[in-house]
Amino acid sequence: MRSQNDYLIEAKRLKHAADREKDDLAQAMLYLEAVLYFLLTGAAISAEPGKDKVAFTMFKDTLQLIK
């Protein structure tokens with residue numbers, strides 16, 4: 001299983017690629033994939049004891065990206 005840091009790095013890479021993408025469909029697909037990796041990051045964080053607040057923040061920030 002990958003670490004939360006690996007997921008976060010990939011999520012940020014995909015989000016930045018989506019920000020630069022000119023084609024609307026390709027951009028939407030990159031944002032969708034980035035969201036999935038941000039969610040994986042939050043899930044990995046929440047698996048650690050005492051990190052519920054940090055995970056909640058990750059999920060809340062991801063929701064803003066979706067909006």
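Tutor: A salt bridge is a side-chain nitrogen of Lys or Arg within 4 Å of a carboxyl oxygen of Asp or Glu. The model is predicted: local features need pLDDT of at least 70, side-chain atom pairs count only at pLDDT 80 or more, and totals for chains, interfaces and linings use all residues. Residues are numbered from 1 along each chain as its sequence is written, and side-chain values use heavy atoms, with hydrogens and water left out.

Student: Why is the pair Arg 13 and Glu 10 called a salt bridge?

Tutor: The closest N and O atoms of Arg 13 and Glu 10 are 2.7 Å apart. That is within the cut-off, so the name applies.

Student: Where do Arg 13 and Glu 10 sit relative to each other?

Tutor: Both are in helix 1, 3 residues apart, so about one helical turn separates them. Helices (H or I, at least four residues) and strands (E, at least two) are DSSP runs, numbered from the N terminus.

Student: Is Glu 10 buried or exposed?

Tutor: Buried means under 20% relative accessible area, exposed over 50%, partly exposed in between (1.4 Å probe, protein chains only). Glu 10 has 17%, so it counts as buried. Arg 13 has 45%, so it is partly exposed.

Student: How many salt bridges does the structure hold?

Tutor: There are 2. In the other, Lys 15 meets Asp 19, with N to O at 2.7 Å. These two lie 4 residues apart in helix 1, about one turn. Lys 15 is at 25% relative accessibility and Asp 19 at 37%, so both are partly exposed.

Student: What makes the secondary structure α-α-α?

Tutor: The protein has 3 helices and 0 strands. Read from the N terminus, the elements therefore run α-α-α.

Student: Which residues make up the largest nonpolar core?

Tutor: It has 12 residues, among them Tyr 7, Leu 14, Leu 30, Phe 38, Ile 45 and Met 58. Helix 1 (4-20), helix 2 (24-46) and helix 3 (52-66) each supply at least two of the core residues. The term requires buried Ala, Val, Leu, Ile, Met, Phe, Trp, Tyr and Cys residues, joined through side-chain atoms within 4.5 Å. Nonpolar side chains tend to be buried together in soluble globular proteins.

Student: Why is Thr 41 called buried?

Tutor: Its relative accessible area is 1%, so Thr 41 falls under the buried limit. Thr 41 lies in helix 2.

Student: What does Thr 41 touch?

Tutor: Leaving out residues up to four places away in sequence, Thr 41 touches Gln 4, Tyr 7, Leu 8 and Met 58. Contact means heavy atoms within 4.5 Å. By that rule, and with the sequence neighbours again left out, Ala 18 touches Gln 27, Leu 30 and Tyr 31.

Student: What makes up the nonpolar surface patch?

Tutor: Leu 25, Met 29, Leu 32, Leu 36, Leu 39 and Phe 59 form it, over about 570 Å². Patch residues have over 30% relative accessible area and no salt bridge; like charges are joined within 9 Å, nonpolar side chains (Val, Leu, Ile, Met, Phe, Trp, Tyr) within 5 Å. Accessible areas come from the Shrake-Rupley method with a 1.4 Å probe; for residues, only the protein chains shown count as cover.
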